[in-house]
Amino acid sequence: MTKKMINLTIDGMPLQVPSGTTVMKAAERLGIHLPRLCYHPNLSLEGACRVCVVQVKGFNHFLTACSQEVWEGMDVQTNSPEIRQARRDIVELLLDNHPQDCQTCDRDGNCELQRQAYRLGVRERLFEGKRKEYPIDESSASVVRNPSKCILCGRCVRVCAEVQGVSNLSQHGRGFKTVVGPANLGNMDESVCIQCGQCVAVCPTAAFLEQDHTERVWKALSMPRDVKHVVVQVAPAIRATLGEMFDLPMGTPVTGRIVTALRRLGFDEVFDTNFGADLTIVEEATEFLNRVSKGENLPLLTSCSPGWVSFLEKFYPEMIPYTSSCKSPMQMTSTLIKSYYAKKKGLDPKDIYVVAIMPCVAKKFEAARPEHAMEDGTPYTDAVLTTRELGWMIKSYGIDFNVLPDGEFDRPLGISSGAADIFGATGGVMEAALRTAAVKLTGEELGPLTFEEIRGVTGIKEATIRIDGKDIRIAVSNGLNNAKKVLDAIKSGEKEYHLVEIMACPGGCIMGGGQPYPMADHDPLDPETARTRAKALYSIDAHKQLRRSHENPAIEHLYVEFLGEPNGEMAHKLLHTHYQARTPRGIR
Amino acid sequence: MNHTTSTTDNWDAVRAACLEILPEHIVAFIEQNRGMEHSESQLIAVLHMVQAHFGFLGRDKMHAVAQLAQVPLAKVTGVATFYHYFRLQPRGKHIINVCLGTACYVKGADKLSQRLMDELGIQFGETTKDGVFSLDSTRCLGTCGLAPVVMIDDQVYGPVTPSEISIILEKYSRRQKGARP
């Protein structure tokens with residue numbers, strides 16, 4: 001059934017839109033971008049900030065364009081001296097109780113409040129309001145909560161509940177004293193937070209930020225080479241997004257420039273998390289094929305996404321036996337750096353400092369997990385920098401990123417297949433696993449390479465792949481609310497799968513909580529951004545000679561020289577981990 | 001509660017743990033609503049029942065409500081802190097209400113409030129550690145002629161000066177001490 005069409009005028013321009021369209025969306029069709037703070041296209045309507053107010057003929061008060069639906073004959077005015085004044089006043093009032101420390105703020109130059117204030121023409125301060133002063137919650141290994149900078153738009157509350165299904169955040173109290181935080185306004189590390197960092201990604205200000213690791217990395221880099229051997233690894237998703245921080249068009253692959261930039265920053269060795277990704281596939285595919293042949297503990301759930309792993313432990317601990325025991329690519333790479341590479345180089349692992357560049361804030365938590373430490377308690381990964389933190393370090397160091405020549409990763413932990421590159425997009429781990437599993441199952445060298453049915457940024461994708469006369473049923477989900485749906489269907493027996501890929505962030509790592517803030521006039525979580533970034537990864541893959549993880553000669557060599565068999569004793573000791581139910585338990 | 005008794009697929013254990021915290025009629029009410037459309041909209045009604053039974057909403061009680069009703073705990077505590085009516089701590093033996101109506105305010109109710117907070121070591125909405133006093137504010141009590149006014153239980157005092165606060169409180173603390181066996 002087609003929707004009824006509504007006729008209205010906006011700023012004197014007539015247009016026709018389907019009924020149920022909001023004034024904001026209708027205005028966008030005419031190329032009018034109304035200011036907004038609390039509004040987000042993927043989240044429910046809040047109507048809290050009021051900066052999108054418009055004038056409608058027949059009303060002597062302003063209406064909010066984000067929540068007001070159009071009606072027949074509506075006459076909307078989006079710009080008049082009164083409206084401009086009202087919007088300016090609204091933002092000015094928000095600024096009046098906001099800490100006035102833009103110059104020293106992490107979001108300086110990238111803050112939506114700042115941007116709105118500039119655009120709406122707040123040029124002088126007429127009021128001095130009561131400031132919000134709350135302690136900063138730094139208890140979490142991943143996410144810092146600073147309620148003093150909160151403008152109560154509620155985006156974090158909504159993304160946590162509606163996209164991630166975690167519902168860790170809520171507005172507490174009322175009026176001026178309202179504070180956004182976990183239950184009882186307790187500490188983040190004692191909450192059901194799964195550290196995905198989507199609150200950081202959607203926050204218009206600096207009320208949520210990642211835990212800063214740049215300071216410790218600068219410190220390690222400043223030490224003499226023979227005291228600290230500083231090694232870095234770069235996650236697949238970074239090469240598709242870092243360019244955005246240097247004003248390159250979205251989706252520009254910058255792998256080579258990253259390598260050069262890292263060398264110039266002073267890293268002694270530049271490795272690729274892709275190597276760990278290839279290794280993950282070899283281990284995980286072996287684990288998968290073992291389970292298939294025994295017909296037990298199916299479906300196998302992937303374990304690369306640390307946000308998902310936390311969610312598993314807090315919300316679905318009964319699914320732990322189904323989850324792959326494989327460490328994430330980051331942890332596999334770090335572990336090998338401090339074992340295999342250290343041995344090869346004749347270095348004491350204690351003298352090696354491993355930095356991981358990740359699109360993710362949950363990786364900071366993962367790195368700090370006691371399971372991921374050596375016997376003496378030293379973590380395998382010493383620091384985790386988000387894409388944003390690395391971008392800032394490069395700028396801060398005065399490196400002109402856009403003119404850098406391409407560099408190449410160091411060997412051997414820098415050699416990788418295209419299957420590893422696509423790990424950064426939802427469906428990528430599954431595709432990489434299928435490429436290897438197909439070859440192992442059929443014994444034929446040339447199995448299928450692309451699996452179009454699991455590409456794309458849809459929340460849940462399902463497919464049945466026929467390999468060697470067997471139907472392999474698979475599911476791919478991104479955004480934990482979608483994971484919930486898949487897991488509940490598995491639990492109820494409604495669905496039976498062999499292999500399920502779960503990524504915490506909507507769109508996968510390319511949309512991780514540590515990725516660059518959106519460019520002006522792009523929304524965080526924008527599916528178009530996800531598609532463009534994913535395209536970059538698939539193009540890197542398509543241009544590689546090596547396309548299957550198990551064909552990576554460095555991986556083959558690693559097994560011969562060091563690890564023995566996939567899933568063998570040594571591999572188990574170094575490359576696998578375990579999970580445990582955690583409190584507080586989340587309500588799903 | 002620990003994770004073994006709050007796991008959502010271990011329903012019997014959850015229920016048993018909640019029954020140790022909440023009375024049966026509240027558990028029954030929550031269960032009767034569960035599964036109904038928009039059952040989460042019963043949250044306020046449930047919190048009313050909890051407060052009616054215990055006099056306040058404690059953390060363990062809110063946790064039990066969250067588990068039993070399957071509503072995220074952050075939402076429960078968010079709702080509980082939004083409404084002025086809900087109290088998060090047990091009430092004291094004596095309830096102090098400071099009138100913050102216009103007349104009392106003009107006559108220095110803010111100074112009285114500050115003195116009370118200093119004297120008791122608590123903020124509005126809180127209860128002293130010994131459980132003797134709870135401090136609240138109220139709007140006009142209709143005795144503006146006596147402004148500024150403080151009401152303790154059913155007794156109205158006014159006009160009160162900050163220096164008289166300790167003398168008034170003393171009466172109640174003494175009564176409290178005398179009442180002990």
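**Figure 1. Domains of chain A in the predicted model.** The domain assignment divides chain A of this predicted model into domain 1 (5-79), domain 2 (143-210) and domain 3 (215-575). Taken over C-alpha atoms, the centres of domain 1 of chain A and domain 3 of chain A are separated by 42 Å.

**Figure 2. The five-stranded open sheet of chain A.** The strands of this sheet follow the order β2-β1-β5-β3-β4 (chain A), and their pairing is mixed. At the edges stand β2 (13-18) and β4 (63-64) of chain A, each of which pairs on one side only. Strand β3 (residues 53-56) of chain A and strand β5 (residues 74-77) of chain A run antiparallel and are joined by two bridges. Gln55(A) has Gln77(A) as its bridge partner in β5(A).

**Figure 3. The loop between β1 and β2 of chain A.** Most residues other than glycine have a negative phi. Asp11(A), although not a glycine, has a positive phi, near 50°.

**Figure 4. The four-stranded open sheet of chain A.** The order of the strands is β12-β17-β16-β15 (chain A), again with mixed pairing. β12 (300-301) and β15 (460-467) of chain A each have a single partner strand, so one side of each of these edge strands is left without a neighbour in the sheet. The partner of β15(A) is illustrated by strand β16 (residues 470-478) of chain A: the two run antiparallel, and eight bridges join them. Within this pair, Lys461(A) has Val476(A) as its bridge partner in β16(A).

**Figure 5. Helices lying across the strands β15, β16 and β17 of chain A.** Helix α15 (residues 428-442) of chain A lies across β15, β16 and β17 (499-503) of chain A and runs at about 10° to β15(A). Helix α16 (residues 480-492) of chain A also lies across β15, β16 and β17 of chain A. The angle of α16 of chain A to β16(A) is about 145°.

Figure 6. Most peptide bonds are trans. Pro412(A) is placed in the loop between α13 (387-396) and α14 (418-421) of chain A. Pro148(B) belongs to the loop between β2 (133-138) and β3 (150-152) of chain B.

**Figure 7. Domains of chain B.** The domain assignment gives domain 1 (11-82) and domain 2 (94-179) for chain B. The C-alpha centres of these two domains of chain B lie 33 Å apart.

**Figure 8. Packing of α3 against α4 in chain B.** Helix α3 (residues 43-54) of chain B packs with α4(B) at an angle of about 145°, and their axes are 11 Å apart. The crossing of α3(B) and α4(B) is right-handed. From α3(B), the contact is made by Leu43(B), Val46(B), Val50(B) and Phe54(B); from α4(B), by Lys61(B), Val65(B) and Ala69(B). The contact of α3(B) with α4(B) comprises six nonpolar residues, no polar residues and one charged residue.

**Figure 9. Packing of α4 against α5 in chain B.** The axes of helix α4 (residues 59-69) of chain B and helix α5 (residues 73-82) of chain B are 9 Å apart, and the helices pack at an angle of about 130°. That angle makes α4(B) oblique to α5(B). Their crossing is right-handed. Met62(B), His63(B), Val65(B) and Ala66(B) in α4(B) meet Leu73(B), Val76(B), Thr77(B) and Ala80(B) in α5(B). By class, the residues of this contact are six nonpolar, two polar and no charged.

**Figure 10. The side of chain B that touches chain A.** Contacts between the chains involve 18 residues of chain B and 19 residues of chain A. On the side of chain B, the elements that give two or more residues are α4 and α5 of chain B. α5(B) provides the largest share of this side, seven residues. The residues on the side of chain B that touches chain A divide into six nonpolar, nine polar and three charged.

Key: Residues are numbered from 1 along each chain as its sequence is written. Chains are lettered from A and ligands numbered from 1 in the order in which they are written. This is a predicted model: local features need pLDDT of at least 70, side-chain atom pairs count only at pLDDT 80 or more; totals for chains, interfaces and linings use all residues. Axes are lines fitted to C-alpha atoms, for helices over the stretch in contact, and angles run from 0 to 180 degrees between N-to-C directions. Angles under 35 degrees count as roughly parallel, over 145 as roughly antiparallel, 65 to 115 as roughly perpendicular and the rest as oblique. A crossing is left-handed if the near helix is turned anticlockwise from the far one by less than a right angle, and right-handed if clockwise. Two residues are in contact if their C-beta atoms, placed from the backbone, lie within 7 Å. Ala, Val, Leu, Ile, Met, Phe, Trp, Tyr, Cys and Pro count as nonpolar, Asp, Glu, Lys and Arg as charged, and the others, Gly among them, as polar. Two strands pair if DSSP finds at least two bridges between them. Domain bounds come from an automatic or database domain assignment.
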